[in-house]
Amino acid sequence: MQAVQGSMFDALVIRAGLGETCEKFPEDVKAAFELAMKSCESFSNLAVGMQVPGGSTYPAEQVSHG
Amino acid sequence: MADIHWKSAAELARAYRSSSLSPVKVVESLLERAYELNTRINAYLYIDAEHALASAHKAAKELAQGQDLGPLHGIPYGVKDIIDVKGLPMTCHSEVLKDNVAQGDAAVVSKLRSAGAIVMGKLATHEFAIGGPAFDLPFPPARNPWNTDHHPGGSSSGSGAGVAAGLFPVALGTDTGGSIRNPAGACGVMGLKPTYDKVSRQGVFPLSWSLDHVGPLARKVEDLALFMQAMADGQPIAISPDIKGLRIGFVRHYHESDMQATPQTCAALETAAQTFAGLGAKVSEVRLPRLSDMATVNRIILTSEAWTIHGPWLRRHPEKYCQASRRRLMVGAFVTAEEYQQAQMMATTLCKQVDAIFDEVDVLLLANSMHPACRFDDEQGIARNYMQHARAPFNLTGHPAMSMMCGLSEDGLPIGMQIASAKNREDLILSVALAFQNATTWSDQHPALPI
């Protein structure tokens with residue numbers, strides 16, 4: 001699980017264009033990543049089942065945080 | 001005249017017209033106080049003595065000649081340093097913009113200039129209204145005048161601290177997740193976050209365009225009303241302390257179960273509710289959408305939009321940002337477009353739910369911060385300051401909300417409450433606040449500062 005999270009972190013850092021920033025401030029990028037994952041998890045839990053403006057409901061598969 | 005620095009803008013306006021005070025005397029007095037106190041409070045990043053004095057002389061002359069621009073003519077105020085004032089530094093409290101000078105006035109400053117108000121200087125903030133309090137920036141953080149070892153709240157820190165310290169009667173702040181109401185509460189003054197879009201954001205450095213609001217902080221309700229009128233559409237805001245029959249919804253679950261406020265905060269809120277009932281208002285308990293839900297959606301939108309603004313700079317020069325900014329801003333780099341769009345849709349739903357509450361009640365009474373201001377060296381307390389509060393819901397929904405003092409902690413630090421209303425009903429909020437101001441002595445209490 002730790003390895004999966006590590007590769008996910010690397011991939012997302014590259015996608016965000018934060019490679020160089022990560023070399024200079026690794027702890028800050030890691031702290032931001034961890035906070036983001038926590039926020040996105042809370043958000044996903046909230047999104048599941050919440051009514052949207054059109055009256056439909058969010059299916060679980062539409063709230064993954066990629 | 002004694003205690004010029006504690007006079008409200010409305011009192012100064014009356015004194016100018018009775019010739020018992022002049023704008024020159026007032027600006028000179030406030031500048032003297034600023035030079036004495038600012039090294040301890042750090043509310044100002046830049047004191048614009050030259051232009052303030054020139055504007056005061058001009059206002060005095062115009063008033064003497066009967067060229068009266070209205071109640072703000074000759075009234076001094078401070079401006080958070082993320083708002084443009086032509087010719088003055090506009091640093092956003094950051095190394096990134098340390099040498100930046102505003103080329104023009106923000107729309108809100110332009111309106112206040114037309115009304116004759118006088119800019120005293122630029123005020124401390126968290127870096128770009130998000131990174132703070134921090135000691136790894138080119139300028140020090142503002143300090144709480146009630147106890148300078150304590151945080152003054154943020155991000156409009158200099159605005160709250162400066163108004164509380166009597167450096168100016170009114171200041172401009174901005175509020176994206178509570179940044180007017182947090183320092184207003186922590187520093188024992190008043191701060192009004194108006195309805196979304198009611199005050200122009202043109203010339204204000206954005207943090208999150210869906211959530212950003214510009215508003216005033218002051219020591220008296222009348223001053224909030226006078227400034228709001230000039231900052232918005234110029235239409236008079238009619239306020240009355242007669243709140244007999246007004247329906248006040250008390251949102252107890254925010255500070256009793258969604259979060260847990262300190263016993264003194266809970267007690268102060270109960271006392272405020274009783275005060276309103278004693279004034280003839282109909283106080284009943286109501287429920288809003290869960291506080292954590294509102295905060296979660298707010299956070300997704302705020303971090304996504306803030307990253308869109310700062311990503312290009314931060315990737316190139318991360319060393320120019322303070323650590324707190326780096327950590328908070330980069331969160332947005334890991335939020336997906338899908339999550340952002342879902343959050344926007346959820347905000348619409350939550351907004352409708354809050355709208356519906358205002359079919360049942362006229363205003364809401366609720367907690368501001370769950371704890372009084374913490375010490376600067378209390379890391380957990382600082383983190384708590386930005387998590388344990390009830391401000392974010394109204395950034396998300398765009399409803400107006402204000403904070404005002406309703407108590408003191410056992411450590412002698414202010415306790416604040418919030419009053420919120422339906423959109424564009426700032427008049428109701430200010431009327432309820434005026435009734436409370438008249439019925440209590442909280443707005444007359446000031447920190448004991450050395451002169």
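**Close-up views of chain B in a predicted model**

**View 1. Strand 2 of chain B pairs with strand 4 of chain B.** In this predicted model, strand 2 and strand 4 of chain B run parallel and are joined by 3 bridges. Gly78(B) has Ala171(B) of strand 4 as its bridge partner. Strand 2, residues 76–80, is also joined to strand 3 of chain B, residues 118–123, by 5 bridges, and this pair likewise runs parallel. Within strand 3, Leu123(B) stands opposite Lys80(B).

**View 2. Strand 4 of chain B is covered on both faces.** Of the 6 residues of strand 4 of chain B, 6 are buried, so the strand is largely enclosed by the rest of the structure. One side presents Val170(B), Leu172(B) and Thr174(B), and the other presents Ala171(B), Gly173(B) and Asp175(B); all of these are buried. In a regular strand, side chains alternate between the two faces of the sheet. Strand 4 of chain B also pairs with strand 6 of chain B, in the antiparallel sense, over 6 bridges. Pro216(B) in strand 6 is the bridge partner of Leu172(B).

**View 3. An open sheet of chain B contains 11 strands.** The strands follow the order 1-3-2-4-6-5-10-11-9-7-8, with mixed pairing. Strand 1 (44–47) and strand 8 (282–285) of chain B stand at the edges; each has a single partner strand, so one side of each is left without a neighbour in the sheet. On average, neighbouring strands of this sheet are turned by 30° against each other, direction ignored. Helix 5 of chain B, residues 157–164, lies across strands 1, 2, 3, 4 and 6 of chain B and runs at about 155° to strand 4.

**View 4. Asn38(B) is a buried residue of helix 2.** Helix 2 of chain B, residues 23–41, contains Asn38(B). Asn38(B) is buried because 21 other C-beta atoms lie within 10 Å. Apart from neighbours within four places in sequence, Asn38(B) is in contact with Ala43(B) and Tyr44(B). Gly158(B) is 120 residues from Asn38(B) along the chain, and the C-alpha atoms of the two are separated by 10 Å.

View 5. Ala401(B) is buried, with 31 other C-beta atoms within 10 Å. Beyond the residues up to four places away in sequence, Ile419(B) touches Val363(B), Leu365(B) and Ala433(B), among others. In the largest nonpolar core, which has 166 residues, Met190(B), Val363(B), Leu365(B), Ile419(B) and Ala433(B) are those with the most contacts inside the core. Helix 10 of chain B gives the most to this core, with 10 residues.

**View 6. Chain B meets chain A.** The contact takes 28 residues from chain A and 24 residues from chain B. On the side of chain B that touches chain A, helix 10 (291–316), helix 11 (323–329) and helix 12 (337–360) of chain B each supply at least two residues. Helix 12 of chain B provides the largest share of this side, with 7 residues. The residues on this side of chain B divide into 11 nonpolar, 6 polar and 7 charged.

Conventions. Residues numbered from 1 in each chain as written. Chains lettered and ligands numbered in written order. Predicted model: local features only at pLDDT ≥ 70, side-chain atom pairs only at ≥ 80, totals over all residues. Pairing = 2+ DSSP bridges. Helix = DSSP H or I, 4+ residues; strand = E, 2+ residues; numbered from the N terminus. Axes fitted to C-alpha atoms, helices over the stretch in contact; angles between N-to-C directions. Contact = placed C-beta atoms within 7 Å. Buried ≥ 20, exposed ≤ 12 C-beta atoms within 10 Å, placed from the backbone. Nonpolar A, V, L, I, M, F, W, Y, C, P; charged D, E, K, R; others polar. Core = buried A, V, L, I, M, F, W, Y, C linked by C-beta atoms within 7 Å.
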